[in-house]
Amino acid sequence: MAITLLARQASADRPFGLALYASTRAGELAATGWPEAVKQAFLGQQFDLREAHYARVYPAAKDWWVMEDSTRVGRLLMAEDPDGHTVVDFALLPQTHGRGIGTQLLCRLQAQASHLGVPVHLHVAADNPGAMRLYMRLGFRFVGDDDRDRLYRAMCWRPEELVAV
């Protein structure tokens, strides 16, 4: 299994991006009881708003598709600056979870950040214990106030906390 990154072409790649985004919201939307057409309209609108927000707030961010062999399986959007790297968006298709793809990519990111001597920042959804376990296993720590009542929790990894996997 070869894991690589491929530069994302936002407009041409919208169908896969939307499908990936929808997979991250499936549990939440299942509880709404909305008709499928309403769910799809909502997802399309939310996806477009999110993409516009990312483009406005992180205009220089690097945007990649995560590739397993020659198949798109996820997305990594990362902003870099002298104070550190920020993982803006990192998502993998549900059927790829648990196969080491996230670990491999995050370890590469940590190695790059370690070489530069900068931290890696991210936010994790409070209702995603699997991602939290992955990040904690790789040395990320919760930062800031005790924000357990929020939708997302801030985490940070520092080069001196490099973990051998």
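H3 has 16 residues and spans 23 Å from first to last C-alpha, close to the expected 22 Å, which is 1.5 Å times one less than the number of residues. The model is predicted: local features need pLDDT of at least 70 and side-chain atom pairs 80 or more, whereas totals for chains, interfaces and linings use all residues. Residues are numbered from 1 along each chain, and side-chain values use heavy atoms, without hydrogens or water.

Just after the helix, Gly117 adopts a positive phi of about 70°.

Next, display the open sheet, whose 7 strands follow the order E1-E2-E3-E4-E5-E7-E6 with mixed pairing (at least two DSSP bridges between two strands). Its edges are E1 (3-7) and E6 (141-142). Between E2 (62-68) and E3 (71-81), 7 bridges join antiparallel strands; Val66 has Gly74 as its bridge partner.

Then select Val66, Phe90, Tyr135 and Phe140, which touch the most other members of the largest nonpolar core, a set of 26 residues (buried Ala, Val, Leu, Ile, Met, Phe, Trp, Tyr and Cys joined through side-chain atoms within 4.5 Å). H3 gives the most to this core, 5 residues. A second, separate core of 6 residues includes Phe16 and Trp65.

Finally, centre on Phe140: beyond neighbours within four places in sequence, its contacts (heavy atoms within 4.5 Å) include Gln110, Leu122 and Trp157.

Key: Helices (H or I, at least four residues) and strands (E, at least two) are DSSP runs, numbered from the N terminus. Buried means under 20% relative accessible area, exposed over 50%, partly exposed in between (1.4 Å probe, protein chains only).
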